[in-house]
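Please open the model in a viewer and keep the selection panel at hand.

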There are 2 protein chains.
Amino acid sequence: MDIEKANAEACERMMESRPIVVGLGKAIDVIPGMREDLLLHAGPPITWERASGPMRGAITGALIFEGKAKDEESARKLVESGEITLEPCHHHQAAGPMAGVICPSMSVYILEDKTHDHKTFSNLNEGYGKVLRYGAYSEEVLERLRWMEEVMAPVLGEALASSDGVDIRALLSEALHMGDEGHNRNKAGSVLFTKNLAPHIVRATKDREVAAEIIKQLGDNALAVLNPVMAACKAMADAAHGVEGSTIVTVMARNGTDFGIRISGLGDRWFTAPVAVPKGLYFPGFTEEDSSGDIGDSTITETAGIGGFAMAAAPAIVTFVSGTPKDAMNATLEMYEICFAEHKYFTMPPLDFRGTPTGIDIRKVVETGITPRVNTGIAHKEAGVGQVGAGLVRPPMEMFEQALVAYAEKHGI
Amino acid sequence: MDIEKANAEACERMMESRPIVVGLGKAIDVIPGMREDLLLHAGPPITWERASGPMRGAITGALIFEGKAKDEESARKLVESGEITLEPCHHHQAAGPMAGVICPSMSVYILEDKTHDHKTFSNLNEGYGKVLRYGAYSEEVLERLRWMEEVMAPVLGEALASSDGVDIRALLSEALHMGDEGHNRNKAGSVLFTKNLAPHIVRATKDREVAAEIIKQLGDNALAVLNPVMAACKAMADAAHGVEGSTIVTVMARNGTDFGIRISGLGDRWFTAPVAVPKGLYFPGFTEEDSSGDIGDSTITETAGIGGFAMAAAPAIVTFVSGTPKDAMNATLEMYEICFAEHKYFTMPPLDFRGTPTGIDIRKVVETGITPRVNTGIAHKEAGVGQVGAGLVRPPMEMFEQALVAYAEKHGI
């Protein structure tokens, strides 16, 4: 077993993945294996009983949006009775931020990896504050979702279809030179995404007011591009998955209760452990006591070599996640210790255009005792509240240890 | 004479200036002292005889645009006969990039300094390549100018008028956290400017194709915001001008032949010396031998504490102007040696959010022997060609020495 060679192949495939946003479609129509009685969610598999507050809130909101429930209690019944089933986004070539709930009638971005002929998906970003992905489901939240679905999605879909698509790897390369790290700071990426699509949005509708509103919604939402970026990182990680003998991590994801990882050479098995609570800066009126456990598929960004791993490119992020610009630099430098490669296309000007640390090697994580650094939003622990801050978190070491043991067992090492 | 106090006041006024882009208007209608027989240009006063190639090219193009000349020869005659007069933009509350030629029927951005109730102006940015400001005046150049004047300007003017205006100081504060330095790298600022105005552009015209084209032209031009930024820096510098006893530089400008500076406490007198040739990276097919002397009013950015002075915030710029990210950092650190203040609103994440070096003090320049660092585009030395590269340049020391002597004479020191 030539592990180095396997890992080199996995990382090469990851970096050569070139995912393009080509359009939008309803989840039920475009996501493989999507069903009317299915909700997708962030992280490894979860039940209602073990689900965190924000996950329950998002499930409730999604079922109200689908017209299948009217409150948390009726949502609980549907899920516990098995009338509605829950499956991870990652089982369906998708990734969703925070609770990451994608329901059948929600529109999703469709990305095509032009190198590996593979599709991935993510939903539309709702913006900040009281939003479904943070577990809020008030009428205000649902109204925004309906506007996005009924007004925004048809025009945005038409705009994307009439464009040449948006090359997310190229966009990220540019955004990393503009102070983004691609996970918690997507300010440059979001305005680049908006300016690329704005002329197509204008042409896609005769209603000028609608075009103006959509452009404003995208342009003023500094996370507008997060979801396409996550789907792009999912494509990159998928490309690296399934290389026999590889010890590279191809999924890191949290559902608010468990953190889960998957390894390129270890098939579809999840290695899980209880999530930690992020450390960071809280919005006025909230403290760490209000925080949910770590949640969301957005750790797919770190899996693909950006986010917390590219913080050296984004010193201004510390105003949002805490720490100093030097801490941001150190975060990236530390991640080189546990990664197999340096990215060919994601470079960081403050480090003399060095490539971002890419391809987490579980051997290195266990050997060095260094776990990945993750930038994240922080959700309130109760259903219905929403975001309360942003910060930094590390996944539990025991998952990497479990995975390494499984790898050793598989290969009789 | 309390020089420190005078300089503190000048720098305070510079930093508290808050210029907002409020609209567009024809130069003849809105620029104070503009006349039908007048062309404004970059730098200190110049004659046709002493004008550089790109300056002659831009004057020719502007006179063709105005319908007053048909070629370089007829342009020369108009200027040499005195039928057309040349005056610096800086004599008319304006600033123009490179040759900086503003003619009567050209539309200009109108900025209002809300703190000091003062207006400044700059023309629209044409984009890259063969453009008037670099001395090109082919039919292609004139056609773009006509499109900008006839199609773009009316819609952009309406969009600006219907918006709350664009606060350029706030935009620059944000852009400096996104890898811009505000002079030669305005990538973030230009997309922020575009995304702010795009919804208003959509509402300002019934012609969707026109709206789409204007948004694309602005969004794809990484220098779209340079001209409003220059007018904003002109407002900041004007606010600092005229403080009795102050040794702060309030204008740095080049016409391709002479570099000129003005000093806050020394009235409207220009101190001039021959320009240097920039060092930098040339486009394929061109070398330093093709380069014009240093040209343009864009050094107003360094005068106001950004551009070359803020290079630490923009390490990616070295791919465009040459050098390494460390050189960029050192450029900023060196400029602290010759500046009186650190900016209150322009901060740089890589330097732990330290304010940019602001307010060049001629005493410090002469004492330390350190001249300001300037980022600049490089024009071909012949009329009609255009941009051939980008790089770095320093103003001649003798202007600062002349100014200090004049200051000493005035105050009998």
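Begin with the contact between the two chains, to which chain B gives 26 residues and chain A gives 26 residues; two residues are in contact if their C-beta atoms, placed from the backbone, lie within 7 Å. This is a predicted model, in which local features need pLDDT of at least 70 and side-chain atom pairs count only at pLDDT 80 or more, while totals for chains, interfaces and linings use all residues. For selections, residues are numbered from 1 along each chain as its sequence is written, and chains are lettered from A in the order in which they are written.

Next, select α7 (187-204) and α8 (208-220) of chain B, the elements that each give two or more residues to the side touching chain A. Helices here are DSSP runs of H or I with at least four residues, numbered from the N terminus. The largest share of that side, ten residues, comes from α7(B).

Now move to α8 of chain A (residues 208-220). Its buried residues, those with 20 or more other C-beta atoms within 10 Å of their own C-beta atom, are Ala211(A), Ala212(A), Ile214(A), Ile215(A), Gln217(A), Leu218(A) and Gly219(A). Display what covers them: α5 (139-162) and α7 (187-204) of chain A are included, together with α7 of chain B.

Finally, select α3 (residues 53-65) and α4 (residues 72-80) of chain B, which pack at an angle of about 90° with axes 9 Å apart. Axes are lines fitted to C-alpha atoms over the stretch in contact, and angles run from 0 to 180 degrees between N-to-C directions.

Note on methods:
The expected span of a helix is 1.5 Å times one less than its number of residues. A residue is buried if 20 or more other C-beta atoms lie within 10 Å of its own, exposed if 12 or fewer, and partly exposed in between; C-beta atoms are placed from the backbone.
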